[in-house]
Amino acid sequence: LTSGCDTRARIILRLLSPAPAMNPNLALLQPYPFQKLSALFKGITPSPAHSPVSLSIGEPKHAAPAFIQQVLKDNLSGLARYPATAGSSELRRSIGDWLIRRHHLEHLNADSQVVPVNGSREALFAFAQCVVDATRPDALVAMPNPFYQIYEGAALLAGAQPRFLNLEAHANFRMNFAQLTHEEWQRTQLLYVCSPGNPTGAVMNLEDWRALFAHAEKYDLVIASDECYSEIYFDEANPPLGGLQAAQLLGRKDYRRVVAFGSLSKRSNVPGMRSGFVAGDAAILERFLLYRTYHGCAMNPAVQMASEAAWRDEAHVVENRRAYRAKFEAAIQTLGSVTQVSMPDAAFYLWLRTPIDDCEFARQLHQRYNVTVLPGSYLAREAHGANPGARFVRAALVAEFDECMEAIKRLKQFFQEMHK
Ligand SMILES: Cc1ncc(COP(=O)(O)O)c(C=O)c1O
């Protein structure tokens, strides 16, 4: 009855206020994976014997460092002025110094090769609007599959079509550039890469970058390198290779054609602060800055001050990694006896194979154990004859140790029951 009333109400509303003609590309946007998940769980009563544990959302849950909160509070007087879109020179320098230290860069000009952004998400989206030449009706934007859904939405709203490069387990979830034809590469204007990858955790190596740069040169395209998980890794002596570092190692010291996207959200547990950066090719960033000036996305001055302090401190990041490492080691030890699982290269996800359909797995796990994971097929699209996310689920080990381990124990039990 209720749903009948809702439908009638919606029809009446539409008759009263017909939507004006709007950007038709909006209709191409897919529902977000979490909307699909609520639909999947509709009508299910999760086991009341178990407390709810969510491993589905990739939102950091460790505490935001007190010193970052303090700097934010101490700088609220900054709200009395308009900030510059390029950010303060102090913030650009703090980001630039961090990039030089972290990636052993010989040179990076903080004034022309770094721009602060309000989290990597908005920048990843805006970048496509700036790079894609919408006057070319056949424009393509290439991206990994599975992937972070913003890349797809950004491509569609920029008037381009997305093209997917499937990440396969047998290839260690590496990009296979041969999946696009010569003709498709010719139409490709922008290519997103995500390393460390969400959801697979795979990190691109120097050979992957060499191949990618060769494609970028041959086909005149721009690389957007999403590195928002770069600081979540498990071996202190072996941090993930970044796009700018790879460029330098391959003799591309001007970082031509590549822009890296970094973030404090995961590194410093401040997803609500909305703070990140773009860095790389000065000619591209000059135009992106122009775009951003019109878009109106300058960073709040207090957030700029707090970000500057966060990029200058590494101790809290080392401690954060220690907490993730403890969870991943324990989780892999627990699950290793019941399913094929190994330490990801980096990031905070377990990308687990499922013995049954991934949606059914997620549904039953929710119902019987009150644990939420995200079906892999929701994070990928059908391409090259398959959905490469099918038969996987993504479990984000973001909660504190005890809560994560409680969920992992239930997962183990669920796998055991499935094998019976
Ligand atoms: C792959 C990937 N890129 C970018 C982001 C955006 O992060 P933020 O906007 O907080 O920097 C996320 C967030 O979950 C992500 O998973």
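The following paragraphs lead through a predicted model, beginning at the ligand and moving on to aromatic pairing and to the backbone.

The ligand is surrounded by 15 residues. The closest of them are Asp 226, Ser 263, Ser 265, Lys 266 and Arg 274. Sorted by class, the shell around the ligand is made up of 6 nonpolar, 5 polar and 4 charged residues.

For Ser 263, a polar side-chain atom lies 2.6 Å from a ligand oxygen. For Ser 120, the corresponding distance from a polar side-chain atom to an oxygen atom of the ligand is 2.7 Å. Lys 266 has an N or O atom in its side chain at 2.8 Å from an oxygen atom of the ligand. How much of the ligand does the protein bury? Taken alone, the ligand exposes 400 Å², and the protein buries 92% of that area.

The space that the ligand takes is the largest pocket. Two elements give two or more residues to the shell around the ligand: helix H5, spanning 120–131, and helix H10, spanning 264–267. Of these, H5 provides the largest share of the shell, with 3 residues.

Attention now turns to the aromatic side chains. The structure holds 23 aromatic pairs. One of them is formed by Trp 185 and Tyr 219, whose ring centres are 6.0 Å apart. The planes of these two rings are at 15°, and planes under 30 degrees apart count as stacked, so the pair of Trp 185 and Tyr 219 is stacked.

The backbone has features of its own. Most residues other than glycine have a negative phi, and most peptide bonds are trans. Against that background, where do cis peptide bonds occur? One joins Ser 195 and Pro 196, with omega at about -5°. Another joins Asn 198 and Pro 199, with omega at about 15°. Pro 196 is placed in the loop between strand E5 (188–194) and H8, and Pro 199 is likewise found in the loop between E5 and H8.

Tyr 255 is situated in the loop between helix H9 (243–249) and strand E7 (258–263).

Notes
Residues are numbered from 1 along each chain as its sequence is written. This is a predicted model: local features need pLDDT of at least 70, side-chain atom pairs count only at pLDDT 80 or more; totals for chains, interfaces and linings use all residues. Side-chain values use heavy atoms; hydrogens and water are left out. A residue is near a molecule or strand if one of its heavy atoms lies within 4 Å of it. A polar contact is a pair of N or O atoms within 3.5 Å; within protein, one must be able to donate a hydrogen and the other to accept it, and residues adjacent in sequence count only if both atoms are side-chain atoms. Accessible areas come from the Shrake-Rupley method with a 1.4 Å probe; for residues, only the protein chains shown count as cover. On a 1 Å grid over the protein atoms alone, a cavity is a set of points where a 1.4 Å probe fits but cannot get out, and a pocket is an open set with protein on both sides within 12 Å along at least five of seven lines; lining residues have an atom within 4 Å of a point. A molecule sits in a cavity or pocket if more than half of its atoms lie within 2 Å of its grid points. Helices (H or I, at least four residues) and strands (E, at least two) are DSSP runs, numbered from the N terminus. Ala, Val, Leu, Ile, Met, Phe, Trp, Tyr, Cys and Pro count as nonpolar, Asp, Glu, Lys and Arg as charged, and the others, Gly among them, as polar. Rings of Phe, Tyr and Trp (its six-membered ring) pair if their centres lie within 6.5 Å; planes under 30 degrees apart count as stacked, over 60 as edge-to-face and the rest as tilted.
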